Amino acid sequence: MNLSQLHVLVVGGATGGAATALLLARAGARVTLLEKVAQPRAVGAGIALAENGLAVLESIGLGPAIAASGRAVDAPAVVDARGRMMLAPPRPAPRVRMLRRSALQGLLLDALAAEPRVERQFGAEVIGAERDGRVLARIDGRTVEHRADLVVGADGVHSRIRSAGRFGARVRPPGIPYLRALVEVDAAQGVEAWTGAGIFGSFAVDGGTYFFASAGTRACRRAVAERDLDGLRQVWARAYPASVPLLAAVRRFDDLIFNRVTRVDCQQWVDDRLVLLGDAAHAMAPNLGQGANSALVDAAVLLDELRRAGTLAAGLDAYQQRRRPAVHKVARAAAGLGALAELTNPVARWLRDRLLLPVATRLGGDATPVVMQELPATLLAIGRA
Ligand SMILES: Cc1cc2nc3c(=O)[nH]c(=O)nc-3n(C[C@H](O)[C@H](O)[C@H](O)COP(=O)(O)OP(=O)(O)OC[C@H]3O[C@@H](n4cnc5c(N)ncnc54)[C@H](O)[C@@H]3O)c2cc1C
């Protein structure tokens, strides 16, 4: 279909929403972007961009900027607490770049600001939506009604758009808590370690290190509940000595970002003029690093299917047919990997490390095509067409 006839409201201006707005606007659509945060730049810690997400970002011209502000991850392996290899990356190792989330967000916002067909409204919180394309937003204390041909719900795990439509959403109770931080020391190990206290990963970013750790053990949960940074440092020093310089560089407890793993699975991604994308449709466990990357793939595939289709309804249906099963496989694999990674019982860990992982590695083959969901070359071509 010819997108120049289309007015699209994108709700949510983070990774998925910003990429969607850019892609659709460059294909001719008129886009209004509503983001509830008034100054949405400096949020989050680090983000890993894999081949699929990189291809989408490269297709919208952000390749050089990402190459400049991201750091390459040589071989994204899983090791044990003593640094011994547990899961080696496939060869050749897939391309991964680690960025500050604020840097990625900044690049996307700058690109949006330069795009004349996108009207940006920051500090605009969507408070309701109808299946026919009407959306209510609160901005500066006023309630404003918008109407569009298509409403894209890219508003994250607690999506308002999802709660406005019939999507058959299943939101699982929040799982294990994770902490993330950016510190200004160069002490990254460049790997994810599976330890007796859970996962600890550390990767170089521009000007320092991004690290993340699970906080699921009783000792970690207690330290978090008591806002006890020293207690947290001690738990992790025992479980993973390489964590010491990183946690020592955290100045205040409030410099740690906490999220609980929340999984969302929707039977439908489309309800009339409402469509879901990114975490709103499929928030997943972080263990394959595919949350943000999958949101970017959604954006490219949505554009591709709308362009190919004769009608809006046909394009949206093709989008969900192509994306939902692919994402479902990745989300299931990420959850399985997360469950294995978080084993803290010593016997279960022994069985995993000595029996399960070696056998799985021998039998498993290369899962990269499933994890990537779409060929990077296809994604690159969609955005460049
Ligand atoms: C603050 C924050 C920090 C994060 N930090 C990290 C990190 O450090 N590392 C990492 O790997 N992942 C992080 N994530 C998660 C990761 O960015 C997402 O999983 C992934 O990028 C999927 O992106 P998304 O665009 O679908 O959703 P999100 O990134 O969740 O973005 C949703 C956007 O919608 C906006 N929004 C929500 N509700 C409304 C509403 N009612 N009206 C208007 N706008 C609304 C939000 O403000 C947000 O900007 C973070 C997410 C957030 C929101």
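1. Asp-304 and helix α10. Asp-304 sits in helix α10, in what is a predicted model. With a relative accessible area of 10%, Asp-304 is buried, because the cut-off for that class is under 20%. Across 15 residues of chain, the C-alpha atoms of Asp-304 and Tyr-319 are separated by 8.3 Å.

2. Helix α10 runs over residues 291-308 and has 18 residues. From its first C-alpha to its last, α10 reaches 26 Å, close to the 26 Å expected at 1.5 Å a residue. Of the 18 residues of α10, 15 are buried, so this helix is largely enclosed by the rest of the structure.

3. Helix α1. How many of the 12 residues of α1 are buried? The count is 11, and α1 is mostly covered. Among the buried residues of α1 are Thr-15, Gly-16, Gly-17, Leu-22, Leu-23 and Leu-24. The end C-alpha atoms of α1 are 17 Å apart, which agrees with the 16 Å that its 12 residues should span at 1.5 Å a residue. After α1 comes Gly-28, with a positive phi near 115°.

4. The ligand shell. The ligand is surrounded by 28 residues, and the closest are Gly-16, Glu-35, Ala-45, Gly-46 and Asp-279. By class, the residues of this shell divide into 12 nonpolar, eight polar and eight charged. Which elements each supply at least two residues of the shell? They are α1 (15-26), β2 (30-35), β3 (46-49) and β9 (124-129). Gly-16 therefore belongs both to the buried residues of α1 and to the residues closest to the ligand, where buried refers to cover by protein chains only.

5. What distance separates a backbone N or O atom of Gly-16 from an oxygen atom of the ligand? The distance is 2.8 Å. For Lys-36, a backbone N or O atom lies 3.1 Å from a nitrogen atom of the ligand. At Val-126, a polar backbone atom is 2.9 Å from a nitrogen atom of the ligand. The ligand on its own has 930 Å² of accessible area, and the protein covers 81% of that.

6. Leu-33 is in strand β2 and is buried, with a relative accessible area of 0%. The C-alpha atoms of Leu-33 and Gln-121 are separated by 6.0 Å, although the two residues are 88 apart along the chain. Glu-125 is in strand β9 and is partly exposed, with a relative accessible area of 37%. From Glu-125 to Leu-182 the sequence separation is 57 residues, and the C-alpha atoms are 28 Å apart in space.

7. Strand β14. Val-183 belongs to strand β14, which covers residues 177-183. Is Val-183 buried or exposed? At 3% relative accessibility, Val-183 counts as buried. Val-183 and Ala-249 are 66 residues apart in sequence, and their C-alpha atoms are 6.0 Å apart in space.

8. Two positive phi angles to check. Most residues other than glycine have a negative phi. Asp-140 is not a glycine, yet its phi is positive, about 50°. Asp-140 lies in the loop between β10 (134-139) and β11 (142-147), and Asp-140 is exposed, with a relative accessible area of 70%. Asp-272 also has a positive phi, of about 60°, without being a glycine. Its place is the loop between β20 (270-271) and β21 (274-276). Asp-272 is partly exposed, with a relative accessible area of 43%.

9. The annotated span. According to an unreviewed UniProt entry, residues 6-333 carry the annotation "domain: FAD-binding". That span is 35% helix and 29% strand, and its end C-alpha atoms lie 36 Å apart.

Technical notes:
Residues are numbered from 1 along each chain as its sequence is written. This is a predicted model: local features need pLDDT of at least 70, side-chain atom pairs count only at pLDDT 80 or more; totals for chains, interfaces and linings use all residues. Side-chain values use heavy atoms; hydrogens and water are left out. A residue is near a molecule or strand if one of its heavy atoms lies within 4 Å of it. A polar contact is a pair of N or O atoms within 3.5 Å; within protein, one must be able to donate a hydrogen and the other to accept it, and residues adjacent in sequence count only if both atoms are side-chain atoms. Accessible areas come from the Shrake-Rupley method with a 1.4 Å probe; for residues, only the protein chains shown count as cover. Helices (H or I, at least four residues) and strands (E, at least two) are DSSP runs, numbered from the N terminus. Ala, Val, Leu, Ile, Met, Phe, Trp, Tyr, Cys and Pro count as nonpolar, Asp, Glu, Lys and Arg as charged, and the others, Gly among them, as polar. UniProt positions are given in the numbering used here, feature names are shortened, and annotations may be inferred rather than shown by experiment. The expected span of a helix is 1.5 Å times one less than its number of residues. Buried means under 20% relative accessible area, exposed over 50%, partly exposed in between (1.4 Å probe, protein chains only).
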